[in-house]
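Hello,

Here is the structure I promised to pass on. Please open it next to this email and follow along.

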Amino acid sequence: MDGVTAPHFRDRFREPENVNPPWLELPFAHFAEALAGGRLAHAWLLGGPRGLGKRVLAKRIAASVLCQRRLVTGDACGTCRGCQLRLAGTHPDFHPLGLESNDRGGLRTEIVIDQVRALCERLAQTSHAGGYRLAIIDPADALNPNSANALLKTLEEPPPDVVMMLVANEPSRLLPTLRSRCRRLDVRLPVRAQAAEWLATQTVDAAAAVRAL
């Protein structure tokens, strides 16, 4: 344990997915444009129905923010020092926060206040790599009222060069005051034809894909 979240949760964000569904391109482009233009909000709410790849998008965004030599597309280069640390799961400025293990070997159902306080303490520290400090909270809709209020204090007075990404299947469950301090980045359901075309590229039988859709 690193005091914020279980190691297995950090491992989920070590590398971006190799496959990026086309419906994720637009929200990523919006984020990349803000990053390249120096208009990066300190907090982003990444919301949308379950199963659309929000975590895939969060991984891609994390890679971009922590990269020291981004590509023209906004994607991470994969070779700089920042990318090497991220790929190894040891980047000191990356702070994922998720559901911790309970005493019974399963996962808690809530993100508790002690986790958020530990995260905020880390974000208040100076960047180790000289760039952004990035936190991903997933699932953000698992914040309980106390932990949400603790996070709100940091969102109201964010430290410089901190980017927080809240990933939620049900953004409406978040406190309104929390939502209002985040820039929305919505992942929307793809149209049927786009979904079927993408499934075909994943070696899914076309007829089976149509039936599933």
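**A buried serine**

At 17% relative accessibility, Ser127 falls under the 20% cut-off, so Ser127 counts as buried. Please keep in mind that this is a predicted model.

Where does Ser127 sit? Its place is the loop between H5 and strand E3 (133-137). The side chains of Ser127 and Asp93 are joined by a polar contact of 2.8 Å. The Ser127 side chain also reaches the backbone nitrogen of Ala129, at 3.3 Å. Leaving aside residues up to four places away in sequence, Ser127 touches Asp93, Tyr132 and Arg133.

**Helix H5 and its cover**

Which residues of H5 are buried? They are Gln115, Val116, Ala118, Leu119, Cys120 and Leu123. Their cover includes strand E2 (94-97), E3, H6 and strand E4 (162-168).

H5 spans residues 113-123 and H6 spans residues 145-156. The two helices pack at an angle of about 15°, and their axes are 8 Å apart. Angles under 35 degrees count as roughly parallel, so H5 is roughly parallel to H6. H5 passes H6 in a right-handed crossing. On the H5 side, the contact is made by Ile113, Val116 and Cys120. On the H6 side, Asn146, Ser147, Ala150, Leu151 and Thr154 make the contact. By class, the residues of this contact are five nonpolar, three polar and no charged. Val116 and Cys120 are on the buried list of H5 and also in the contact with H6.

An α-helix has 3.6 residues a turn, so residues three or four places apart point the same way.

**Helices H2 and H3**

H2 covers residues 25-36 and H3 covers residues 54-66. How do their axes cross? They come within 11 Å and cross at roughly 20°. That is under 35 degrees, so H2 is roughly parallel to H3. The crossing of H2 and H3 is right-handed.

From H2, the residues in the contact are Glu25, Pro27, Phe28, Phe31 and Leu35. They meet Leu57, Arg60, Ile61, Ser64 and Val65 of H3. This contact has seven nonpolar, one polar and two charged residues.

**Backbone points to check**

- Pro139: the peptide bond from Asp138 to Pro139 is cis, with omega near 5°. Pro139 lies in the loop between E3 and H6.
- Asp161: phi is near 60°, a positive value in a residue other than glycine. Asp161 is in the loop between H6 and E4. Its relative accessible area is 48%, so Asp161 is partly exposed.
- Thr203: phi is near 60°, again positive in a residue other than glycine. Thr203 is in the loop between helix H8 (192-201) and helix H9 (206-212). Buried or exposed? At 76% relative accessibility, over the 50% cut-off, Thr203 counts as exposed.

Best wishes

How values were computed. Residues are numbered from 1 along each chain as its sequence is written. This is a predicted model: local features need pLDDT of at least 70, side-chain atom pairs count only at pLDDT 80 or more; totals for chains, interfaces and linings use all residues. Side-chain values use heavy atoms; hydrogens and water are left out. Axes are lines fitted to C-alpha atoms, for helices over the stretch in contact, and angles run from 0 to 180 degrees between N-to-C directions. Helices (H or I, at least four residues) and strands (E, at least two) are DSSP runs, numbered from the N terminus. Angles under 35 degrees count as roughly parallel, over 145 as roughly antiparallel, 65 to 115 as roughly perpendicular and the rest as oblique. A crossing is left-handed if the near helix is turned anticlockwise from the far one by less than a right angle, and right-handed if clockwise. Contact means heavy atoms within 4.5 Å. Ala, Val, Leu, Ile, Met, Phe, Trp, Tyr, Cys and Pro count as nonpolar, Asp, Glu, Lys and Arg as charged, and the others, Gly among them, as polar. Buried means under 20% relative accessible area, exposed over 50%, partly exposed in between (1.4 Å probe, protein chains only). A polar contact is a pair of N or O atoms within 3.5 Å; within protein, one must be able to donate a hydrogen and the other to accept it, and residues adjacent in sequence count only if both atoms are side-chain atoms.
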